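Hi,

Here is the structure I promised to pass on.

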Amino acid sequence: MANRDAEIQSMEVLPTALLATIMTKLDVPSICSIASTSKSLNTCASHILSFLPNFLLLDVAPSIDLLGPLLPPNPYLQTLKVDCHRLDDSAIDSLLRPSLLELSLHNCSDFSGRLLSQVGARCKDLRSLYLSSVAEKRGRSIHVSDLEELLNGCTELETLILMFDVSTFVRDSFARIWALACAKLVSLEIGYVSSLMVTELLTVPGGHHQFPNHTRTSILPSIGKLCLSVDYITDTMVKTISKNLNSLTHLDLRDAPIIEPTVTFDLTNSGLQQINPHGKLKHLSLVRSQEFVATCFKRVNDLGVLLMADRCSSMESICLGGFCRVTDTGFKTILHSCSKLYKFRVSHGTQLTDLVFHDISATSLSLTHVSLRWCNLLTNHGVVRLSSNMDLTFLDLRDCRSLGDESLRAIGTLTKLKTLLLDGSDISDLGLSYLKQGVISSLISLSVRGCKRLTDKFVSSLFDGSSSLELQELDLSNLPNLSDAGVLLLARSRVPITELRMRQCPLIGDNSVITLASMQVHEDWCRGSTLKLLDLYNCGGLTQLAFRWLKKPYFPRLRWLGVTGSVNRDLVDALARSRPFLRVACRGEELGAGQWDTSDGTYMHDYEEVDELEQWLLEGENDESGDDEEMEEVENVAELL
């Protein structure tokens, strides 16, 4: 601590201009952390925030009271990314600036449609816009006129991502307003829209004549990337997209039917044949989710894939989900026709077998991303053949239940592998030990969820003696034989894990929480647990004791926590109140921030014993001590009971 104080004092004697230059290289949490160490650095940080060009705060969700000091008047602000989970329409004045070129607002459930109209009115020069979950909270509303004002106002927009349900808009009005969209728009993503609305949007009769100031002859003429989640992927929609979007290079369509589709509302061989008529498509993703009903593309078979493959020779990425009638013949055709393919993903490929990869070494392919989820006919032999692609960095074999230890022996030779997902496979402790020689040193993410043969032994065989590991995400959920002893072995290995999932592990108890709270990865510069996400939902051995170790100052970097609310609801609620920037989930929902873009190219800060970001944000608030007293009172009552 004395050395740390001396370092702070030495920084304070530096010229203010030099300090400001250094701090502009940091991200917002790091600037806030520095601000909490001394008054002079606090003053400098406050000044920095008034001319910072990029503001990214997605790790925590600030309230409107805390957002004000972080976002002072700043005419130089160009990029703004904020988690709006605790904000509503009252934050619009703080968030929307005329200087913005890129705006990303996540979790806007408490906002109304006014957010869209105000973006159009205040941010005329926007190039990129991301909005998610707008008006999803009960009592909030959004109208098609709000979207109309957005499109009419943002005349320079190139990327538009609307991750919420627009299917409630009046169809005719929704189709009509897209004639207002900027001609420069090259990327469009919509969270949910009906297939009929998409078809009408692209074929609206005389749409451009309804707006005298817009004389464009086609809707969305420059679109190169289109990502839609719809009710049904249909022939009509696919044909309309292929016919009208001549510049398309990236097409991503996903549906989740609530009933079995009829032929009118389904994709067939005929529709598949219409894809990529201009030969410009590089990425294609067609996925049917089984979220609501167990269904697939029953009207597409090998013939449809063969006809599509004739136009797909230049494709680099193909993702097919739910094509249950396509056999090895169709999938092999894709691999042998697309010489530039580097990403190949198949889910629910119920007829895909080892034969697809039998002669893959004879092709010129250099696959880096492969996902074969729910392909239950795939065996060790197919994975051995697939592993001849030594450039693989991503391998998803979740729910391929016929895979065993021999497949891991082959995977162990892939020295460039970063992500390995093995959920539900038939692997053992011995099989995972094969990864130690070549793969474990390069892995960033590993999931063995539901691999029921695994015991505590795999932790020691995989991590003991390993040095300079890069592993950050580890999923050990639903392992009936994983115990507190295995977590202790993991902690001793000092792996710098930031996301640890151990849900549905009946032998995990209080000792695991205590061990993780005391875990120290680096003695010299990183004190305390490195975990940002910890999922302990439905772990059988947790009691009230574990909640004491989830309070401050333990787990200083924790942002997501999954527990079972039924253990003690009062303790869960008190914990959430005492740590306002910790998201506590107790209903079994999967944790995570989603695919948020938090990479800003700046230097990242490593936090000390307490999270200075929280300390700086909460500076001046007096209710923290009250929360701690409340927490202690609840614990005392729990002990008495």
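Predicted model: local features only at pLDDT ≥ 70, side-chain atom pairs only at ≥ 80, totals over all residues.

Residues are numbered from 1 along each chain as its sequence is written, and side-chain values use heavy atoms, with hydrogens and water left out.

Helices (H or I, at least four residues) and strands (E, at least two) are DSSP runs, numbered from the N terminus. Strand E3 (residues 102–106) has 4 of its 5 residues buried, where buried means under 20% relative accessible area, exposed over 50%, and partly exposed in between (1.4 Å probe, protein chains only). Two strands are said to pair if DSSP finds at least two bridges between them. E3 runs parallel to strand E2 (residues 79–83), joined by 5 bridges, and pairs with strand E4 (residues 128–132), also in the parallel sense, over 4 bridges. Glu102 stands opposite Thr79 and has Ser128 as its bridge partner in E4. E3, helix H7 (residues 114–122) and E4 form a right-handed β-α-β unit; right-handed here means that, with the strands pointing away from the viewer, the path from the first strand over the helix to the second runs clockwise.

**Salt bridges**

The structure holds 26 salt bridges, each being a side-chain nitrogen of Lys or Arg within 4 Å of a carboxyl oxygen of Asp or Glu. In one of them, Glu102 meets Lys81 at 3.6 Å, N to O. That pair links strands E3 and E2, with the two residues 21 apart in the chain. Glu102 is partly exposed at 25% relative accessibility, whereas Lys81 is buried at 4%.

Arg140 and Asp110 form another, with their closest N and O atoms 2.8 Å apart. Here the loop between E4 and helix H8 (144–153) is linked to the loop between E3 and H7, across 30 residues. Arg140 is partly exposed at 35% and Asp110 is buried at 13%.

There is also a network of salt bridges linking Arg449, Asp475, Arg503, Asp535 and Glu590.

**Helix H13**

Which residues of helix H13 (residues 302–309) are buried? They are Asp302, Gly304, Val305, Met308 and Ala309. They lie on the same side of H13 because they cover an arc of only 160° around the axis, taken from the directions from the helix axis to the C-beta atoms.

Best wishes
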